[in-house]
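This briefing goes through selected features by topic. The sequence and structure come first, followed by the notes.

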Amino acid sequence: MKQYLKLAWRNLWRNKRRTIITLTSVILAVLLAVCMRSMQKGTYANMIENAVRFSTGYIQIHAKGYWDEPSLNNSFENNDLLDSLIGNNKNITLAVPRMESYVLASSGDHTKGVQVIGVDPRKEDALNGLSDKLKQGSYFSADDAGILVGDELSSYLDLSVGDTMILLGQGYQGMTAAGKFPVKGIFHFPDKRMNSSLVYLPLIACQQLFIAYDRYTSLSLMLKNPTGQSRTVTELSSQLDTNNWEVMPWEAMNKTLTQEIAGDNAGGVIMLGILYVVIAFGVFGTILMMTMERRKEFSVMVAIGLKRTRLIILLTLETLFIGILGVSTGIILAMPVLVYFKLNPVRITGDAAQMFEQFGIEPIMPASLNPEIFVHQGITVLIISLVASLYPLIYVARFDILNALKR
Amino acid sequence: MRNTMEVIELKKLHKTYEGIVPVQAVKGVDLLFGKGEFTAIVGPSGCGKTTLLNMIGGLDAPTEGQVLIEDQDISALSPAELVDFRLWNIGFVFQSYNLIPVLTVKENIAFIMELQGRNHKEINDRVAYLLDVLGMKDKMNIRPRYLSGGQQQRVAVARALASSPKFVLADEPTANLDSQSTENLLELMETMNRTEDITFLFSTHDQRVMDKAHRIVTLEDGKVVRDGKQEKVE
């Protein structure tokens, strides 16, 4: 094999200029493909991360029927079985209980319908860094009776830290829910809707408000390995009685985002396809030229005893060298660019930013350094290179020695 | 009784190239070549010399007849078996040298032995010996394009001889060489024929080559018209 590697490498550099031009086209295409894919995947990861952290978690457990009818009457009581299942699942890193409902919020002459989320302050902070989003005031603790309010809502209701907000709504099983809560802090999220309509309460205070003691509406789960999400869903579903519980992955709870990502991803794949065609023709042209101009040499090699299969190996190695050199150089050149954009994400402005905010997502495009991107692009370009060399390989398998010798 | 020293036997060999007008290049040739022969196949252009050599070398298949190499009918071998057969039994020297341009002199000579899978010591010893005979030790690490035509053809002969084949086929080996290079090449081929007892068959128009041949087979219009040692061929 060493002999073939040596021959293939030297053959590659017989016509330096041509090889460099072909390599440059492969390098540029890989650079472009990797950067494009990295920005896309980074943006998707950011979108998913935001959605998962601020909304659903990777997986949510509800009482059966809650997702279709999100009412306190479809809440569930904290229980040991659930705690033990979650505690024993090695892929689950965090289980965040929440109680969510809608009430009227009032202060002075102003009233507004708001979403109330009762949270475990420590776990919620671990999940989404809620305490870091505070503009004014301080973060609450589990036994606090204070609330956190969005900055736009606080402006609308003319509330400052220390002021009192009245919440009025329907509690568990039709009871009246009413309470006065001091504003402990004012937060700001990238999503305007959250800033104008969201109130956080410590879980215990929230359960007291809705007279739903020791009950949750959802349990959001964070995972050590998100790629093992479906396995975790299957495990939990098989361990829980599905007549009483529903275990849902984030994709099922956030279909709009899933579709948005799928649509955008399809556009990206088409662009990649165009790039791949460019790569394929560049490699095809070079390998074809390298084959045709060496017909006589090939015929001599076969005449003196080189098997055609070995000749095919030789040509394949030449193609692989172009592919590997192009892919590795492209990736090496892309790395500093991607690291920069990972650390300094592109900030989106204008209409596009609004679209991001609609989904509660920070309008940034960070690059992703997920090794999968590089591996996929690398393997794809190598496969394309090999496919592009099929015709020359077929020629080598079939060419007539005598005709080629006469040239 | 058969001569056990016969290396090549051609039996009623015919070759017709099909086309709008079929061309009969070789017409019923019967020949025997013994071990260690140094034979020139001569004749005018188009008389079938190259076709005959190609059939002996398994590069072309006869339309009729047989090519027996040490009693093995090579016409019956598959293309893949023929490649293997050539690798182990035949050395080729081409008119235009046809060395592998990306390999050095040493690597070109070693190429066939490497294909045969011989060990490094064997290869190195043989290459060193041949380079010594060629008088080209100082050029062993340079590529063919830096050599003269004569030097390249000497390397091509060394390549053909490196694997100690049963016989060497050379198609017009001196056609592109000046008289000094021709002289040097013939001396090399004669030396190897004498010292290693390797059979040489070469087609040629070159009187200097014919003068060195032990036997001359003359072809005309695809048939053998003369076979034997001659003083001079007009």
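B:Asn98 is buried, at a relative accessible area of 15%. The model is predicted, and in it B:Asn98 has a positive phi near 55° without being a glycine.

- B:Asn98 is placed in the chain B loop that runs between β6 (90-93) and α3 (105-116).
- B:Lys12 belongs to strand β1 of chain B, residues 6-17.
- With a relative accessibility of 56%, B:Lys12 is exposed, whereas B:Asn98 is buried.
- As background, a negative phi is found in most residues other than glycine.

**Domains of chain A**

- Chain A is assigned a domain 1, made of 2-52 + 257-406, and a domain 2, covering 96-220.
- Between the C-alpha centres of domain 1 and domain 2 of chain A the distance is 52 Å.

**Helix α11 of chain A**

- Helix α11 of chain A spans residues 295-303 and is mostly covered, with seven of its nine residues buried.
- Those buried residues of α11(A) are A:Glu297, A:Phe298, A:Ser299, A:Val300, A:Met301, A:Val302 and A:Ala303.

**Aromatic pairs and a charge over a ring**

- Over all chains, the count of aromatic pairs is 14.
- A:Trp9 and A:Trp13 make an edge-to-face pair, with 5.7 Å from centre to centre and 65° between the planes.
- A:Trp9 is partly exposed at 38% relative accessibility, and A:Trp13 is partly exposed at 25%.
- The rings of A:Phe76 and A:Tyr216 have centres 5.8 Å apart and planes at 85°, so this pair is also edge-to-face.
- A:Phe76 sits in strand β2 (residues 76-77) of chain A and A:Tyr216 in strand β10 (residues 215-216) of chain A, so their pair ties together parts 140 residues apart in sequence.
- A:Phe76 is buried at 5% relative accessibility, and A:Tyr216 is buried at 11%.
- One aromatic cluster is formed by A:Trp9, A:Trp13 and A:Phe321.
- A:Arg308 lies over the face of the A:Phe399 ring, 4.6 Å from its centre.

**Nonpolar cores**

- The largest nonpolar core holds 88 residues, and the residues with the most contacts inside it are A:Met301, A:Leu311, B:Ile8, B:Leu10, B:Leu52, B:Ile56 and B:Phe111.
- Helix α12 (residues 308-343) of chain A supplies the largest share of this core, ten residues.
- A:Met301, listed among the residues with the most contacts in the core, is also one of the buried residues of α11(A).
- Leaving aside residues up to four places away in sequence, B:Phe111 touches A:Gln3, A:Leu7, A:Met301, A:Ile304, B:Ile100 and B:Leu103.
- Another core lies apart from the largest one and has 61 residues, including A:Met47, A:Leu94, A:Val114 and A:Tyr172.
- In general, nonpolar side chains tend to be buried together in soluble globular proteins.

Key:
Residues numbered from 1 in each chain as written. Chains lettered and ligands numbered in written order. Predicted model: local features only at pLDDT ≥ 70, side-chain atom pairs only at ≥ 80, totals over all residues. Heavy atoms only, no water. Domains from an automatic or database assignment. Buried < 20%, exposed > 50% of the residue type's maximum accessible area, 1.4 Å probe, protein only. Helix = DSSP H or I, 4+ residues; strand = E, 2+ residues; numbered from the N terminus. Phe/Tyr/Trp six-rings, centres within 6.5 Å; stacked < 30°, edge-to-face > 60°. Lys NZ or Arg CZ within 6 Å of the ring centre and 35° of its normal. Core = buried A, V, L, I, M, F, W, Y, C linked by side-chain atoms within 4.5 Å. Contact = heavy atoms within 4.5 Å.
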